[in-house]
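Here are my notes for your first look at this protein. Keep the picture open beside you and find each residue as we reach it.

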Amino acid sequence: MRCGCGTPRAAYAAVSPLVQQAPGITAVAHAIQLAVAPVFLLSGIGAVLAVLTNRLSRIIDRGRTLEAQLAASPPDRAAHVHPELATLSRRAQLIGRAITLCTVTALLVCTVIATLFLGAFARFDASVPVALFFVAAMVAFFAGLLFFLREIFIATANLRIGPH
């Protein structure tokens with residue numbers, strides 16, 4: 001029997017076992033497909049972590065500058081520096097917590113990806129642990145962003161532009 005291309009069907013039967021994929025390869029390919037979204041999420045979390053660490057660096061630099069000024073300042077000027085140092089300390093704490101929570105988020109997303117692959121290799125239903133890890137990651141990310149937002153509010157509340 002011939003198909004429309006002039007080649008006997010028996011030739012296709014000889015090729016088809018080579019074209020068919022093993023179930024393990026199919027499972028891994030499916031795990032890779034499922035892991036693509038969390039990998040993109042990881043890059044977004046990495047970008048947020050870069051912003052947070054940059055802010056922390058600027059807070060530290062400003063604190064060091066103020067501490068140097070404090071050592072060389074008369075007592076009346078020192079009265080103005082101490083509250084600003086306290087604010088910087090509070091901001092650094094908030095950013096530190098945000099960095100910690102966003103790092104925990106990244107670790108949980110990595111755990112989601114690893115669980116997907118373990119489920120594919122060990123052939124077990126990974127849906128419940130993956131869902132739990134993902135929800136935990138989103139809760140940690142949410143909390144980290146709240147700390148970041150709080151730090152932004154404190155930074156802008158003390159913003160002084162122009163002569164003062």
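1. **Before you start.** You are looking at a predicted model, in which local features need pLDDT of at least 70, side-chain atom pairs count only at pLDDT 80 or more, and totals for chains, interfaces and linings use all residues. Residues are numbered from 1 along each chain as its sequence is written, and side-chain values use heavy atoms, with hydrogens and water left out.

2. **The overall plan.** The protein has four helices and zero strands, so from the N terminus the order of elements is α-α-α-α (helices are DSSP runs of H or I with at least four residues, strands are runs of E with at least two, and both are numbered from the N terminus). Of the 164 residues, 25% are buried; buried means under 20% relative accessible area, exposed means over 50%, and partly exposed lies in between, with a 1.4 Å probe and protein chains only.

3. **Contacts along the chain.** Take the contacts (heavy atoms within 4.5 Å) between residues at least 6 apart in sequence: 76% of them join residues at least 24 apart.

4. **The nonpolar core.** Which residues touch the most other members of the largest nonpolar core? They are Ile45, Leu52 and Ile95, in a core of 24 residues. A nonpolar core is a set of buried Ala, Val, Leu, Ile, Met, Phe, Trp, Tyr and Cys residues joined through side-chain atoms within 4.5 Å. Helices α2, α3 and α4 each supply at least two residues of this core, and α3 gives the largest share, 13 residues. Leaving out residues up to four places away in sequence, Ile45 touches Cys102, Thr105, Ala106, Val109 and Phe141. As background, nonpolar side chains tend to be buried together in soluble globular proteins.

5. **The largest pocket.** Its volume is about 470 Å³. A pocket is found on a 1 Å grid over the protein atoms alone, as an open set of points where a 1.4 Å probe fits, with protein on both sides within 12 Å along at least five of seven lines; lining residues have an atom within 4 Å of a point. Grid points are joined across faces, edges and corners, and the volume is the space filled by probe spheres set on the points. The lining has 14 residues, and Arg62, Glu84, Leu88, Arg91 and Ala155 are the closest to the pocket's centre. Two or more lining residues come from each of α2 (23-71) and α3, with α3 giving the largest share, six residues. By class, the lining has five nonpolar, three polar and six charged residues (Ala, Val, Leu, Ile, Met, Phe, Trp, Tyr, Cys and Pro count as nonpolar, Asp, Glu, Lys and Arg as charged, and the others, Gly among them, as polar).

6. **A buried arginine.** Is Arg91 buried or exposed? Arg91, in helix α3, counts as buried because its relative accessibility is 15%. Beyond residues up to four places away in sequence, Arg91 touches Arg55, Ile59, Glu151, Ile154 and Ala155.

7. **The second largest pocket.** This one has a volume of about 180 Å³. Its lining includes Ala31, Leu116, Ala120 and Phe124. Helices α2, α3 and α4 each give two or more residues to the lining, and α2 gives the most, with four. The classes here are eight nonpolar, three polar and one charged.

8. Ala31 lies in α2 and Ala120 in α3. They are 89 residues apart along the chain, yet their C-alpha atoms are separated by 6.3 Å. Ala31 is buried at 3% relative accessible area, and Ala120 is buried at 12%. Leaving aside neighbours within four places in sequence, Ala120 is in contact with Ala27, Val28 and Ala31.

9. **A positive phi.** Please look at Arg123, in the loop between α3 (75-122) and α4 (127-157). Its phi is near 55°, a positive value in a residue other than glycine. Most residues other than glycine have a negative phi. Arg123 is exposed, with a relative accessible area of 59%.
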